[in-house]
Amino acid sequence: MNKHLNLLFTAVGNIIRNKIRSIVLILCLIAVLFPFVTALSISEGIKFQSLISVEEGADVYVTMDYFGSNAPISLDYLDLFRKMEGVTEVFPRIIGRTYFSNRLATIVGILPENLPKSILLAQGTLFREKGDVMVGKGLAKEFRLQPGVRFSLSTNTSKLFRVAGIFDSNATIWSANLILMSFEDASEFFKMKGKATDILIYTRPGYAPLLAKEVREKMETFNPDQADPPLRVQDKVLVKRYFERGFNYKAGVFTALYTVAFALAIPALLIVSGFGQTERRKEIGVMKATGWQTQEVMEMAALENFVISLTSAPMAILLAMVWLKWFNGAFIAQFFIAEIGLMAPFPVPSRFLPLPCLFAFLFAIVLTMVGSLYSTWKTATVPPVEAMR
Amino acid sequence: MSQKIRFYLLFLLILIGLTILAMAWDQHSWKRVQSDQMVIFQRMVGGVGMGAISVPIWNFINFDPRIQPVDDSITWPIPGGYSYSPDRTATVSYFQEIPANQLFLEK
């Protein structure tokens, strides 16, 4: 045990002695690990918010299927769905997009009775009167919107809106450029009276898949003369599959960031295997001449890499954390969350889980080991005189 | 063991301890979010947003595949042609249409 401890102290001594080499190596590793840790933590943060969106959303979403794409559904279906077994609530919803000046905005129309009293607003109140809307923090900040401001949008200039309230920036990233209004206002704005984008069905626990199946099977009963196109039914199970595939299988983070990481890792590898190599060879030669075994030299080099990785990985994690939490991911977050600009108008979601951080450490250790172990072994196996030459 | 080595090892221990503490604090802060505004907001709107994009540029699939599970930009202006929709959110999330069985064979 003492022998290993002594080797560890020698390894630390080497790191301190070769200051420039160690600092450059640590900085290179931080540069490699920082975007990696940042991307993974933002991904986990969005994943968490996305899971809330899935879990707190409806159990079944029903729309029309026009030529294979989602299409508006008639409100006549509301009563049909309400009568089905296991259904607790049925709501229509409108979701559309429009430009607010030059900024793209999401319009959401819901029934006024769905407005919770407990929602916190940054400013103003919930919408109460016809034409009242609640806007996201991003839009409010960009266009200096205040409660009471009236505006119209180019999609339907005859429809006048009044800002009643502004969402709190903590209410998910998707609320930043959102305009929430009553269902009636939204259908007037899009000129789609009697239609909804989708119908939201809430069921008793365990009923959702059965109900989705029933809606699909009973389409003919709802539509006996086959005059309407078919319905598209999405239940929570399918939505969860989107969630899992979107974040787990198809996450492009690995392809994109590994490319960057490996590109940046090249100088680190060069430093480990090339920069200061002459001095390193001499050191190993002296060690061998003074009685060190090859195995001990190798162990010391491995411990040196271990300590370097142990220094770099926590530094990269802390730097990523400081940048994301204190500086709200300024300049960086836009690479991972689209359409937010240099400074995000909401707190950039980031979650630092132990596993990605462990991966960062392992990534650092693999990089340093790959770069140094072979060259150390090669030097340690030649006669000391030759190594010291 | 020299003073410098002792100092470096102490620095390393503090660094690791600080990182673990910061991660634990982060975990704790996310636990509080559960009953926070995000939940109320999502309940109110019936679930909006899933991807790493703040507005539905080009189409809804990356913003929320529930609203539009099909990237219909591949159907226009040249049907079946090049998709004009850039994969803006491919860095940390990416949604693709999930194939559903729409073939019913009748005996």
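These legends accompany close-up views of a predicted model with chains A and B.

**View 1. The contact between chain A and chain B in the predicted model.** On one side, 79 residues of chain A take part, and they are in contact with 54 residues of chain B. Helix H2 of chain A, residues 19-56, gives the most to the chain A side, with 11 residues. Sorted by class, this side of chain A has 48 nonpolar, 22 polar and 9 charged residues.

**View 2. The largest nonpolar core.** This core has 115 residues. The residues with the most contacts inside the core are Leu33(A), Val37(A), Val133(A), Ile337(A) and Ala360(A). H2(A) gives the most to the core, with 14 residues. In soluble globular proteins, nonpolar side chains tend to be buried together.

**View 3. The surroundings of Val37(A).** Neighbours within four places in sequence are left aside here. Val37(A) is then in contact with Ala316(A), Ile317(A) and Ala320(A), and also with Pro356(A), Cys357(A) and Ala360(A). Among these partners, Ala360(A) is, like Val37(A), listed with the residues that have the most contacts inside the largest nonpolar core.

**View 4. Domain 1 and domain 2 of chain A.** The domain assignment gives domain 1 as 2-52 + 248-388 and domain 2 as 60-206. Their C-alpha centres lie 47 Å apart.

**View 5. The contact between the two domains of chain A.** Domain 1 of chain A brings 7 residues, which are in contact with 8 residues of domain 2 of chain A. The side of domain 1 that touches domain 2 has 6 nonpolar residues, 1 polar residue and no charged residues.

Note on methods:
Residues are numbered from 1 along each chain as its sequence is written. Chains are lettered from A and ligands numbered from 1 in the order in which they are written. This is a predicted model: local features need pLDDT of at least 70, side-chain atom pairs count only at pLDDT 80 or more; totals for chains, interfaces and linings use all residues. Helices (H or I, at least four residues) and strands (E, at least two) are DSSP runs, numbered from the N terminus. Ala, Val, Leu, Ile, Met, Phe, Trp, Tyr, Cys and Pro count as nonpolar, Asp, Glu, Lys and Arg as charged, and the others, Gly among them, as polar. A nonpolar core is a set of buried Ala, Val, Leu, Ile, Met, Phe, Trp, Tyr and Cys residues joined through C-beta atoms within 7 Å. A residue is buried if 20 or more other C-beta atoms lie within 10 Å of its own, exposed if 12 or fewer, and partly exposed in between; C-beta atoms are placed from the backbone. Domain bounds come from an automatic or database domain assignment.
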